[in-house]
Amino acid sequence: MLCAAGAALGLAAGPAQAAEVSYATHCVPPAGIDPVDGTTKVEITAPATAKVGDTVDVVWKFVQAASKNPDIIDLPADSVQPSGTLKAAGAQTASVAMQGPRENPAIPKGATMVLSDMKGSLKLTTAGEVTLTPDAYTVNAFSTDTACAPTGTVPQAATIEVTGDDDGGTPSPTPTDTGSPTPSPTATGDDGGGSGTGGQTDFTGKEVQIPYTCQSPIGEKRATSPIQINAKKDGGSYALTVQFKKSVMDSPADIPAGSVKPSMDVVLGGADKGTVHVTGPANPDPIKSGDPIEIPDLTGTYKPGASGSSTLSPGVLTIEALGTTTTCTPDRTEVSLTLDTTEQASGASGGSGGSSSGGGGTSSGGASTSASGGLAETGAQDHGALKALALVAGTAVLLGGAVFTFMPRRGTR
């Protein structure tokens, strides 16, 4: 029904209008590449007239991007995606999110960037003249962002004349959800080692946003990742699963099978203390350049070392790849899951809260990390393979939806 209503509203809008504007732009590419000052030319298409209550479609066409493809790597077809913001002003003020598909021809090093058309929609709430003006935009390629923003006044690109609705009134605003976030799940008590008398056995944590600082053989990078910790009760212990959300990225280069191995130390708090080491399997198949990479679920076993309410939070993430180690330390962490635990023999409380299980992850004899303190100085001495990969396309380390890409600075040997 809503779709039908939307279609009807679209039919009410007047003929489309298109206007081209240009504006000075400052673009900031990934680290190691000099900023660029250039001119952006765009064409904005929107209905000339519409009514209050209509949802109108807007198209942003790039006539000219402000920056070119740097002299680092050829960009293959369908590897570049633009997104941006269109400002609505006048009778109605709003920021319209715009995004284009990842569609482009192959773009050689140093060539002009070719960006797809971006689209967005705006619901009209007030009668009068609504102006549309292009604003900042971002160009994503190989999981790195080039951020471009206006450096001066941007001309208005389109105007929509909005008339009152059929009843002459203004529609009521859409209700806003003011509910509080879902609290972290808490397990029910158990009988001290069994499955519990009718107790809960599966516990779903909440998704938390964790800011990380990552230290690799090539450099340091910061980004934020959405992470969720889940648990399944097994006797007096818990099988943990750590999930990285939105964890798909495009590989910057060919990656051999079995060369990317992630692990994490989950931080315990509340009644219990220590960490739980969880690991994930290495990539089972080779990953071709341009194909998606995923961080698999990390699994391990938590054996409580104390009775009471114990919390579990994402901790240090370690990624071993091509003979090197990248260590990512959270700038701050947040509780994803709370469990009512019963102390078990040889449990956590101040030490290791369990062992890794399954998944082909690294053993406890591998490179160690600490759940607190500064960045660990880890990694092999010979980084030739990784640096060679970086010189071609950057070394990518994925944290859920966040991607750390280390681009070499000019003059790197």
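This is a predicted model: local features need pLDDT of at least 70, side-chain atom pairs count only at pLDDT 80 or more; totals for chains, interfaces and linings use all residues.
Author: Local features need pLDDT of at least 70 and side-chain atom pairs count only at pLDDT 80 or more, while totals for chains, interfaces and linings use all residues. Residues are numbered from 1 along each chain as its sequence is written, and side-chain values use heavy atoms, with hydrogens and water left out.

Reader: What makes C27 and C148 a disulfide?

Author: A disulfide is a pair of cysteine sulfur atoms within 2.5 Å. The sulfur atoms of C27 and C148 are 2.2 Å apart, so the pair meets the rule. The torsion is 115° about the S-S bond, and the link is right-handed. C27 sits in strand β1 (residues 16–28) and C148 in strand β9, 121 residues apart. Strands here are DSSP runs (E, at least two residues), numbered from the N terminus.

Reader: How many disulfides does this rule give?

Author: Two. C214 and C328 form a disulfide, with sulfur atoms 1.8 Å apart. The torsion about their S-S bond is about 110°, so this disulfide is right-handed. C214 lies in strand β12 (residues 208–215) and C328 in strand β22 (residues 324–330), so the pair ties together parts 114 residues apart in sequence.

Reader: Why is the pair of W60 and Y137 called edge-to-face?

Author: Rings of Phe, Tyr and Trp (its six-membered ring) pair if their centres lie within 6.5 Å; planes under 30 degrees apart count as stacked, over 60 as edge-to-face and the rest as tilted. The centres of W60 and Y137 are 6.1 Å apart and the planes stand at 70°, so the pair is edge-to-face. Ring pairs link W60, F62 and Y137 into a cluster.

Reader: Why is the pair of Y238 and Y302 called stacked?

Author: Their ring centres are 6.1 Å apart and their planes are at 25°, so the pair is stacked. Y238 is in strand β14 (residues 237–244) and Y302 in strand β19 (residues 298–302).

Reader: Are W60 and Y137 buried or exposed?

Author: Buried means under 20% relative accessible area, exposed over 50%, partly exposed in between (1.4 Å probe, protein chains only). W60 has 0%, so W60 is buried. Y137 has 2%, so Y137 is buried.

Reader: How do you know that β8 and β9 pair?

Author: Two strands pair if DSSP finds at least two bridges between them. Five bridges join β8 (residues 128–141) to β9 (residues 144–150), and the strands run antiparallel. Y137 has C148 as its bridge partner in β9.

Methods
Helices (H or I, at least four residues) and strands (E, at least two) are DSSP runs, numbered from the N terminus.
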